[in-house]
Amino acid sequence: MNYTKITEQSSLHDNLEQLSTLDLLRKMNQEDIKVAHALTNVIPEIEKLVEALVKRFDKGGRLFYIGAGTSGRLGILDASEIPPTFGMPHDRVIGIIAGGDTAIRKAVEFAEDNTFQAWKDLEEFNINANDVLVGIAASGTTPYVLGGIKDAKANGILTAGITNNPGSPLAEESDIPIALNVGPEFVTGSTRMKSGTSQKLALNMISTAFMIRVGRVKGNKMVDMQLTNTKLVDRGSRYLVEALNLEYKAAESALKKYGSVRAAIKNLKN
């Protein structure tokens with residue numbers, strides 16, 4: 001397969017060790033500005049993915065992310081923030097990383113090179129045709145991710161691939177390719193930089209739009225967020241003050257009584 005591996009191209013900046021701290025930061029910022037523009041070009045593909053997720057949601061469909069290294073960690077980060085932000089059960093958006101949970105903090109040697117392990121990991125969750133699998137790999141060539149995508153497709157599961165190399169094997173293999181062309185990295189090949197940032201933005205868009213479309217936001221408020229700390233209780237109380245014209249103490253009391261902003265609004269409006 002012939003394609004240009006942008007993530008391995010030489011940086012547009014050289015002699016980095018000779019630059020001042022200020023120049024380094026300014027040049028990194030110049031490169032980072034390009035990231036949001038790369039997302040603009042793939043919004044139609046992200047829309048297609050979100051609509052597919054929404055369609056499957058009422059059937060119990062789940063969103064799975066698989067990746068290795070930075071990409072795997074970003075998938076786990078996005079998945080782990082869905083329950084506290086949107087009150088969604090932990091088993092509806094699931095992130096899996098090559099090498100298992102150990103790899104979240106420390107690199108697991110050669111874990112990403114196992115073509116068959118991703119499907120084994122996914123089978124532990126009884127993945128099925130109601131689910132959607134998103135593979136994340138900046139290079140678009142990670143064997144763990146590619147193997148998982150291929151096996152998922154063979155089992156009738158819709159797949160999407162987030163990569164920073166248009167035309168890469170992951171883009172070609174996925175049903176919905178999301179190719180984020182952010183150009184060469186500031187430090188050549190360091191995809192934890194622009195590539196990782198672009199992946200994080202894409203994941204934010206996918207999961208947030210998905211949660212909004214299935215009713216987990218009212219107006220622009222997180223009405224199902226978990227009240228797991230003082231900050232969130234305060235936020236929820238202020239939402240109720242705004243929504244129901246309550247005094248703060250009454251709003252806080254109602255929130256604690258009913259357990260969520262949504263439940264408090266529903267009960268107090270009846």
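Author: We'll take the sheet, then the helices. Keep in mind that this is a predicted model.

Reader: Sheet first. What is the strand order?

Author: The order is β2-β1-β3-β4-β5. It is an open sheet of 5 strands with parallel pairing.

Reader: Which strands stand at the edges?

Author: β2 and β5, the latter covering 176–179. Each has a single partner strand, so one side of each is left without a neighbour in the sheet.

Reader: And how many degrees are neighbouring strands turned against each other?

Author: 15° on average, ignoring direction.

Reader: Zoom in on β1. How many bridges join β1 to β2?

Author: 5 bridges, and the two strands run parallel. β1 spans residues 63–67. L63 has V93 as its bridge partner in β2, and G67 has I97.

Reader: What about β1 and β3?

Author: That pairing is also in the parallel sense, over 5 bridges. β3 covers residues 132–136. There, F64 stands opposite L133, and the bridge partner of I66 is G135.

Reader: Buried or exposed, the residues of β1?

Author: Buried: 5 of its 5 residues.

Reader: Which ones point which way from β1?

Author: L63, Y65 and G67 point one way. F64 and I66 point the other way. In a regular strand, side chains alternate between the two faces of the sheet.

Reader: Back to β2, the edge strand. How many of its residues are buried?

Author: 4 of its 5 residues, so to speak of the strand as a whole, β2 (residues 93–97) is mostly covered.

Reader: Now helices. Which strands does α9 lie across?

Author: β1, β3, β4 and β5. Helix α9 takes in residues 194–213, and β4 is 158–163. The helix runs at about 170° to β1.

Reader: How many are nonpolar, polar or charged?

Author: The contact of α11 with α12 has 7 nonpolar residues, 1 polar and no charged ones.

How values were computed
Residues are numbered from 1 along each chain as its sequence is written. This is a predicted model: local features need pLDDT of at least 70, side-chain atom pairs count only at pLDDT 80 or more; totals for chains, interfaces and linings use all residues. Side-chain values use heavy atoms; hydrogens and water are left out. Buried means under 20% relative accessible area, exposed over 50%, partly exposed in between (1.4 Å probe, protein chains only). Two strands pair if DSSP finds at least two bridges between them. Axes are lines fitted to C-alpha atoms, for helices over the stretch in contact, and angles run from 0 to 180 degrees between N-to-C directions. Contact means heavy atoms within 4.5 Å. Ala, Val, Leu, Ile, Met, Phe, Trp, Tyr, Cys and Pro count as nonpolar, Asp, Glu, Lys and Arg as charged, and the others, Gly among them, as polar.
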